[in-house]
Amino acid sequence: MDTKALRSFVRAAELGQLQHAADELGVTQQAVSKRIAALERELEVRLFTRTARGVELTLDGQAFLPHARSIVASVERAVTAVRPGFRALRIDVLGRRSAQAVVLHDYWRSHPETSLDVVTLRVDDPRVAVAAVAAGDVDASFRTVTVPDTLPPDVQMMHAFDSPLELLVGPRHPLASARRLTPPQLRGHRIWVPGIAPRSEWAEFYDQLATEFDLRIDAAGPHFGDDVLLDTLADSADVATLVGARDRYTWPTNHDLRRIPVVNPALVYPISLILPRTNPHPGLRGVVTHLRSLPRPPETVWLPSWATARRRGDIALARGTQTDKGDSAGC
């Protein structure tokens with residue numbers, strides 16, 4: 001099986017557009033199309049459907065992707081074995097517009113010499129991301145396992161940064177004119193977060209958030225993408241959503257959407273980084289240093305239970321050692 005075709009398929013699946021995959025691979029879009037077409041002929045299935053925004057995986061494509069990704073990763077590891085230091089640092093983020101991607105972009109702008117490959121595994125269960133780190137498919141993943149004791153011994157998890165949430169609403173929403181909001185002011189309003197996946201870390205986060213502040217978190221319906229969500233908010237007088245303060249969203253100016261900070265307490269989504277316990281990629285050292293330099297959120301915050309438990313453990317450890325001279329990233 002042609003490994004170039006497999007790599008083209010994997011990158012097209014991860015990026016959602018053939019042209020973006022071609023740009024990354026240094027070939028033409030026509031070359032990527034021919035490679036994928038040849039792969040589809042060999043497998044006798046369709047891997048993609050074409051849409052106005054790019055390409056989407058078929059059911060066969062979804063089934064084939066993890067196997068193709070594993071083959072590509074194995075080939076890359078084989079190349080790395082004979083050319084140490086050649087492979088780019090590969091880090092998994094939840095999405096290209098997510099706070100994790102924004103933070104990594106900021107790091108890369110300050111360190112443009114870094115060979116960085118930002119990928120999206122497109123999995124909801126963080127245990128799948130842990131397995132990808134353990135297998136060497138990615139060097140690190142911005143995911144959180146809410147029960148750290150279940151991590152395999154060769155993988156560790158460190159606190160990366162905190163992401164305060166903001167309310168995103170359209171101009172006709174009752175809260176649209178507010179400059180700041182407190183959690184009690186959100187009660188009774190429909191907060192639409194479509195596509196909350198069972199067993200995901202954010203499902204547990206929103207369950208705890210709704211319980212703590214008696215909020216109406218509506219996860220109804222599939223997530224058809226950010227554009228549909230933003231269009232819905234712009235047209236609605238009663239629908240809102242929550243977004244991270246660093247998350248990057250863009251919309252037409254006539255949408256007139258408003259991002260409103262939530263304070264007293266700030267609602268904070270804790271973001272972790274999963275990485276190997278031993279022999280991490282050398283490029284992770286700089287990323288970890290950058291993460292530790294990020295500003296902290298306001299002192300009055302709300303965190304989910306797993307994050308507060310970890311913070312108490314970190315404080316106890318710091319008091320026991322008096323000084324933190326170790327490197328929790330193992331870098």
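Modeller: The radius of gyration is taken over C-alpha atoms, and the globule rule is 2.2 Å times the number of residues to the power 0.38. Keep in mind that this is a predicted model.

Biologist: What radius of gyration does the protein have, and what would a compact globule have?

Modeller: The protein has 331 residues, so a compact globule would have a radius near 20 Å; the protein has 21 Å, which agrees. Along its principal axes, the C-alpha trace spans about 60 × 55 × 35 Å.

Biologist: How many helices and strands does the protein have?

Modeller: There are 10 helices and 12 strands. Look at contacts next. Of those with a separation of 6 or more, 76% join residues 24 or more positions apart.

Biologist: What share of the residues is buried?

Modeller: Buried means under 20% relative accessible area. Buried residues make up 46% of the 331. The accessible surface comes to about 16900 Å², and 52% of that belongs to carbon and sulfur atoms.

Biologist: On to charges. How do I read a salt bridge?

Modeller: Side chains of opposite charge can pair when their charged atoms come close. A search of the whole structure finds 13 salt bridges here.

Biologist: Which parts does the pair D117 and R11 tie together?

Modeller: The two side chains meet in a salt bridge at 3.5 Å, N to O. D117 lies in strand 4 (residues 116-119) and R11 in helix 1 (residues 3-15), so the pair ties together parts 106 residues apart in sequence.

Biologist: Is R11 buried or exposed?

Modeller: R11 counts as buried, at 3% relative accessibility. D117 is buried too, with a relative accessible area of 17%. Both residues also belong to a network of salt bridges that links R11, E14, E24, R69, R90 and D117.

Biologist: Where do E166 and R259 lie?

Modeller: Their side chains meet in a salt bridge at 2.8 Å, N to O. E166 lies in strand 6 (residues 155-169) and R259 in strand 10 (residues 258-261), so this pair ties together parts 93 residues apart in sequence. E166 is buried at 14%, whereas R259 is partly exposed at 27%.

Biologist: And which strands hold D218 and R190?

Modeller: That salt bridge has an N to O distance of 2.7 Å. D218 lies in strand 8 (residues 216-218) and R190 in strand 7 (residues 190-192), so the pair ties together parts 28 residues apart in sequence. D218 counts as buried at 17%; R190 is partly exposed at 24%.

Biologist: How far apart are the mean positions of the positive and negative charges?

Modeller: The mean positions of the 40 positive and 39 negative charges are 3 Å apart.

Note on methods:
Residues are numbered from 1 along each chain as its sequence is written. This is a predicted model: local features need pLDDT of at least 70, side-chain atom pairs count only at pLDDT 80 or more; totals for chains, interfaces and linings use all residues. Side-chain values use heavy atoms; hydrogens and water are left out. A salt bridge is a side-chain nitrogen of Lys or Arg within 4 Å of a carboxyl oxygen of Asp or Glu. Helices (H or I, at least four residues) and strands (E, at least two) are DSSP runs, numbered from the N terminus. Buried means under 20% relative accessible area, exposed over 50%, partly exposed in between (1.4 Å probe, protein chains only). Contact means heavy atoms within 4.5 Å. Accessible areas come from the Shrake-Rupley method with a 1.4 Å probe; for residues, only the protein chains shown count as cover. Lys and Arg count as positive and Asp and Glu as negative; His and the chain ends are not counted. The place of a charge is taken as NZ of Lys, CZ of Arg, CG of Asp or CD of Glu.
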